[in-house]
Amino acid sequence: MSRPRDIDVFLSSYRGQRGNSSLSNNYLFYTNQTPCQPDGMRYDEWMKTYERDYVELEMNHGYVQWFFPIRERGVNPHAQPLESHEIEKMKDDQAIIDKLLRSFKMMLSFYGIDFNDGKFTLSKDYKERFQNLRDRSHNLLRITRILKHLSEFEQLQTHTSTLVLFFATVHSEGLLNFQEGTMRGDSLDQWWSNCFRDESERKSIRKIVQSRGKFGSKAWGWEEYDQWYREVKK
């Protein structure tokens with residue numbers, strides 16, 4: 001099965017894409033100097049207001065492009081694609097990296113996942129949050145964007161494999177169905193497990209994803225996930 005075109009473009013690090021050194025809205029937003037649009041709120045104000053508001057996180061479709069900028073256009077015409085020169089400035093600013101991580105944790109909570117120092121576990125309200133993920137398929141596209149976004153920052157890239165394999169695990173444990181041929185299964189198989197620029201890592205993750213078995217089979221469950229995480233931490 002061939003990879004989606006947007007994934008091939010991502011894997012090439014957007015080869016041939018022209019940058020614009022005059023554009024810095026993503027950097028300015030994460031340094032609290034400019035508001036996201038159309039909400040008209042700066043980062044700190046937005047997080048104070050909506051960080052735990054799951055209704056807002058679900059129904060508002062404009063914030064995602066500001067909080068998880070990538071080098072592609074999204075559905076928000078007011079958001080600017082991430083520029084290469086912004087990545088260089090943002091990755092060297094620890095305050096920005098901390099905010100990027102905070103944004104990621106916000107979405108993990110929204111999806112029913114606890115961060116736990118980098119190891120992902122089920123949150124107390126995971127059943128309700130998983131139901132939302134079943135019912136609202138646009139969140140699959142959001143997760144693809146988040147994975148691409150994390151991959152632009154080496155301090156955060158390690159969380160991509162942990163998240164992809166978390167979803168493979170909850171499938172195998174019978175908690176959320178990512179069966180091959182379904183919309184969720186195709187997201188996992190074709191997009192998420194391919195979202196790794198390092199070829200060796202990509203092959204390793206895809207091998208695990210493809211061995212997840214049928215829904216509820218426990219072919220690659222919590223025990224395997226925990227063992228994999230311990231090896232990665234080493």
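Which residues line the largest cavity?

## Cavities

The model discussed here is predicted. Its largest cavity is lined by Q65, P69, I70, E72, R73, G74, N76, A79, Q80, P81 and R145. The volume of this cavity is about 50 Å³. Sorted by class, the lining of the largest cavity holds four nonpolar, four polar and three charged residues.

The count of cavities of 30 Å³ or more comes to two. Helices α7 (94–110) and α9 each supply at least two residues of the lining of the second largest cavity. The largest contribution is from α7, which gives three residues.

## Largest pocket

The largest pocket has a volume of about 510 Å³. Its lining comprises 21 residues, and those nearest the pocket centre are H138, L140, L141, R142 and R145. The elements giving two or more residues to this lining are α5 (64–67), α9 (138–150) and α11 (183–191). Of the elements, α9 gives the most, with seven residues.

The lining of the largest pocket divides by class into seven nonpolar, seven polar and seven charged residues. R145 is listed among the residues nearest the centre of this pocket, and R145 is also one of the residues that line the largest cavity.

## Second largest pocket

About 270 Å³ of space lies in the second largest pocket. This pocket is lined by 16 residues, of which E180, D189, R206, Q210 and R212 are the closest to its centre. At least two lining residues come from each of α11 and α12 (199–210). Helix α11 also gives two or more residues to the lining of the largest pocket.

By class, the second largest pocket is lined by two nonpolar, eight polar and six charged residues.

In soluble globular proteins, nonpolar side chains tend to be buried together. In this model, the largest nonpolar core has 67 residues, and W46, F67, F104, F120, L163, F167 and W192 have the most contacts inside it. The largest share of this core comes from α7, with nine residues.

What does F120 touch, not counting residues up to four places away in sequence? The list is F104, L108, I113, D114, F115, H159, T162, L163, F166 and Y225.

## H159

Is H159 buried or exposed? H159 is placed in helix α10 (residues 154–172) and has a relative accessibility of 10%, so it counts as buried. The threshold for that class is under 20% relative accessible area.

With neighbours within four places in sequence left aside, H159 is in contact with L101, F104, F115, G118, F120 and L150.

## Backbone geometry

Most residues other than glycine have a negative phi, and most peptide bonds are trans. The peptide bond from Q37 to P38 is cis, with omega near 10°. P38 sits in the loop between α2 (25–30) and α3 (43–50).

Y14 is not a glycine, yet has a positive phi of about 60°. Y14 lies in the loop between α1 (5–11) and α2. With a relative accessible area of 4%, Y14 is buried. N116, also a residue other than glycine, has a positive phi near 50°. The position of N116 is in the loop between β1 (113–114) and β2 (121–122). N116 has 46% relative accessibility and therefore counts as partly exposed, a class that lies between the limits of 20% and 50%.

Methods. Residues numbered from 1 in each chain as written. Predicted model: local features only at pLDDT ≥ 70, side-chain atom pairs only at ≥ 80, totals over all residues. Heavy atoms only, no water. 1 Å grid on protein atoms, 1.4 Å probe; cavity = no way out; pocket = protein on both sides within 12 Å on 5 of 7 lines; lining within 4 Å. Points joined across faces, edges and corners; volume = space filled by probe spheres on them. Helix = DSSP H or I, 4+ residues; strand = E, 2+ residues; numbered from the N terminus. Nonpolar A, V, L, I, M, F, W, Y, C, P; charged D, E, K, R; others polar. Buried < 20%, exposed > 50% of the residue type's maximum accessible area, 1.4 Å probe, protein only. Contact = heavy atoms within 4.5 Å. Core = buried A, V, L, I, M, F, W, Y, C linked by side-chain atoms within 4.5 Å.
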